[in-house]
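The sequence and structure are shown first, and the account of the packing follows.

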Amino acid sequence: MRTKLRKNEEIGRACRKKSGEKHIFVFMIDMNDCQKHLYVSPLGDLLLAGNGAVLKGVWFEGQKHFPTAAEKWPWAAEHVPFVRHTCKWLDAYFGGEALPLFPLLQPVGTAFERIVWEELLLIPEGKTMSYKAVAERVATRQDKSTAAIRAVAGAIGRNPISLLIPCHRVVAADGTLRGYAGGLWRKAALLALETERVRRME
């Protein structure tokens, strides 16, 4: 088991070094091989899902689009790489500390959804972006002139990796909070937490 864990960590380090980026998507088509782990956050329990070194999902318990297959997934121990890396990131996030590197991200979705989720990663902490602005950026990447706001909003709502892929940073055109699968009160709390962290680090 220790040999396998070391191998997973070596793969993760190699991918980060090669990419030169802190966010890495490793795309797969299903979640049949997931393990799960429960993280207790100040805003409610979070279910983490992944396998080996890759993280496939982070959901608040009971939120919209919570995976129905989760009850069949085996529990992962704390030393499993995706659990260890994700918990370290979440501890820093909620603790107001400097954020470490992401675990390897493996969100499962359509090609269109992945494009949307990649755009979400470009929204800086402490900032927000409107659904329309995200849709326009997605349209540009697809070489299209029109922005499918409803389709983009749907993809944002189905984001399987909460917090790390920051769908909570997308707001209405007038700045009001709308459409967060984990609940609008959590969306407000996350934005307030991030604003305060950025303020302290300035």
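## Core and helix packing

Leaving aside its neighbours within four places in sequence, L164 is in contact with L55, V58, W89, L90, F102, P103, L105 and L121, where contact means heavy atoms within 4.5 Å. The model is predicted: local features need pLDDT of at least 70 and side-chain atom pairs count only at pLDDT 80 or more, whereas totals for chains, interfaces and linings use all residues. Residues are numbered from 1 along each chain as its sequence is written, and side-chain values use heavy atoms, with hydrogens and water left out.

The protein chain has six helices and six strands; helices (H or I, at least four residues) and strands (E, at least two) are DSSP runs, numbered from the N terminus. Their order from the N terminus on is α-β-β-β-α-β-α-β-α-α-β-α. Of the 202 residues, 46% count as buried, a term that means under 20% relative accessible area, with exposed over 50% and partly exposed in between (1.4 Å probe, protein chains only). Among contacts between residues at least 6 apart in sequence, 64% join residues at least 24 apart.

The largest nonpolar core holds 40 residues, of which L46, L90, F94, L120, I156, L163 and L164 touch the most other members. Such a core is a set of buried Ala, Val, Leu, Ile, Met, Phe, Trp, Tyr and Cys residues joined through side-chain atoms within 4.5 Å. Two or more residues come from each of strand 2 (44-51), strand 3 (54-60), helix 2 (81-95), helix 3 (111-120), helix 4 (131-141) and helix 5 (149-157). Helix 2 gives the most, with seven residues. Another core, of seven residues, lies apart from this one and includes L47, W59, A70 and W73.

Axes are lines fitted to C-alpha atoms, for helices over the stretch in contact, and angles run from 0 to 180 degrees between N-to-C directions.

| Helix pair | Axes come within | Crossing angle |
|---|---|---|
| Helix 3 and helix 5 | 9 Å | roughly 75° |
| Helix 4 and helix 5 | 9 Å | roughly 100° |

The axes of helix 3 and helix 5 cross at roughly 75°, which makes helix 3 roughly perpendicular to helix 5. Angles of 65 to 115 degrees count as roughly perpendicular, those under 35 as roughly parallel, those over 145 as roughly antiparallel and the rest as oblique. F112, E113, V116, W117 and L120 of helix 3 meet A151, V152, A155 and I156 of helix 5. By class, this contact has eight nonpolar, no polar and one charged residues. Here Ala, Val, Leu, Ile, Met, Phe, Trp, Tyr, Cys and Pro count as nonpolar, Asp, Glu, Lys and Arg as charged, and the others, Gly among them, as polar.

For helix 4 and helix 5, the crossing is at roughly 100°, so helix 4 is also roughly perpendicular to helix 5. The contact is formed by Y131, K132, V134, A135 and V138 of helix 4 with I149, V152, A153 and I156 of helix 5.

Within helix 4, the buried residues are Y131, V134, A135, V138 and A139. They cover an arc of only 140° around the axis, which puts them on the same side of helix 4; the arc is that of the directions from the helix axis to the C-beta atoms. These buried residues pack against helix 3, strand 5 (129-130), helix 5, strand 6 (170-171) and helix 6 (184-201). Helix 4 is followed by D143, whose phi is positive, near 60°.
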